[in-house]
Amino acid sequence: MSDEAGDRVTTAVPERGVVAGGTDSAVEHLFETLSRACPEGWRVELIGGRIHRAPPAPGWHAETVSEVGGQILDRRRNSTLRTYTGIGLYVPDVSATGKVVPDLVIAPKGSFSDRAEYHDPAAVMLVAEVTSRSTAVQDRGPKLRGYARAGIPCYLLIDREAGEVVVYSEPSGASFTRSSEAALSKTVALPEPLRFELDTGEF
């Protein structure tokens, strides 16, 4: 099996597969089983009642996430804010069990200091997702609604397929009431508590 960048991956777990669940408990059991079986670096998420498995992201994806995190660290107004990758969050409306791992999470230092694998998103200031062909539908749909319902103040969607960046803010119910868009290579304003122009030309 090959990943999106064309590299070969050898594993007993199907790549980027989607497994439909019959019941919440069955899906949860399968999720835990596949999480334990996945090679190091793979990611398993439950989205919309389905289990999605993905190998480590290609280099361009990691570079984009790193650039966003770097700009935030360089220009943050609150020195306690930190950037996190690989952090699991409980976002119930994304799926039955709500287990997701955003590409990037911004939260105050110490927000995830316990031993849990998946965390309450109450402390999260911003989540960011970088789309790929296999994740774009989830990033634009279930995750968008789930992050809004979780009350996360800002969702940064870097939509490479659409060639744009969308900043969603001011969550209310299952939607964000404000959004702003910019073509990749332009700047886009991030809201409080970050409040600066993110330069997407550096991606």
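Tyr155 is buried, with a relative accessible area of 0%. This value, like those that follow, comes from a predicted model. Tyr155 and Tyr168 form a stacked aromatic pair, with 5.8 Å from centre to centre and 20° between the planes. Tyr155 lies in strand β10 and Tyr168 in strand β11, so the pair ties together parts that are 13 residues apart in sequence. Tyr168 has a relative accessibility of 17% and therefore counts as buried, because the cut-off for that class is under 20%.

The whole structure contains five aromatic pairs. One of them is formed by Tyr147 and Tyr155, an edge-to-face arrangement with 5.0 Å between the centres and 75° between the planes. Tyr147 is buried as well, at 0% relative accessibility. Ring pairs link Tyr147, Tyr155, Tyr168 and Phe176 into a cluster.

Strand β10 spans residues 154–159 and is mostly covered, six of its six residues being buried. In a regular strand the side chains alternate between the two faces of the sheet. In β10, Cys154, Leu156 and Ile158 point one way, whereas Tyr155, Leu157 and Asp159 point the other way, and all are buried.

Strand β10 is joined to two other strands. Strand β9 (residues 126–130) runs parallel to β10 and is connected to β10 by five bridges; Glu129 stands opposite Leu157 of β10. Strand β11 (residues 164–172) runs antiparallel to β10, with six bridges between the two, and here Leu156 stands opposite Val167 of β11. The hairpin of β10 and β11 has four residues between the strands, and Gly163 takes a positive phi near 70° in this hairpin.

## Salt bridges

The structure holds five salt bridges. One of them joins Glu129 to Lys143, with the closest N and O atoms 3.2 Å apart. This pair links distant parts of the chain, since Glu129 belongs to strand β9 and Lys143 to helix α4 (residues 142–149), 14 residues apart. Both partners are covered: Glu129 counts as buried at 1% relative accessibility, and Lys143 counts as buried at 2%. Glu129, Asp139 and Lys143 are linked in a network of salt bridges.

Glu192 and Arg195 form a salt bridge in which the closest N and O atoms are 2.4 Å apart. Glu192 is partly exposed at 49% relative accessibility, and Arg195 is partly exposed at 43%. The side chains of Glu170 and Arg178 also meet in a salt bridge, at 3.5 Å from N to O. Glu170 is partly exposed, with a relative accessible area of 43%.

## Thr64 in helix α2

Thr64 is placed in helix α2 (residues 59–75). With 1% relative accessibility, Thr64 counts as buried. The side chain of Thr64 reaches the backbone oxygen of Trp60 at 2.9 Å.

When residues up to four places away in sequence are not counted, Thr64 touches Val130, Ile158, Arg160 and Phe203.

Terms used
Residues are numbered from 1 along each chain as its sequence is written. This is a predicted model: local features need pLDDT of at least 70, side-chain atom pairs count only at pLDDT 80 or more; totals for chains, interfaces and linings use all residues. Side-chain values use heavy atoms; hydrogens and water are left out. Buried means under 20% relative accessible area, exposed over 50%, partly exposed in between (1.4 Å probe, protein chains only). Two strands pair if DSSP finds at least two bridges between them. A salt bridge is a side-chain nitrogen of Lys or Arg within 4 Å of a carboxyl oxygen of Asp or Glu. A polar contact is a pair of N or O atoms within 3.5 Å; within protein, one must be able to donate a hydrogen and the other to accept it, and residues adjacent in sequence count only if both atoms are side-chain atoms. Contact means heavy atoms within 4.5 Å. Rings of Phe, Tyr and Trp (its six-membered ring) pair if their centres lie within 6.5 Å; planes under 30 degrees apart count as stacked, over 60 as edge-to-face and the rest as tilted.
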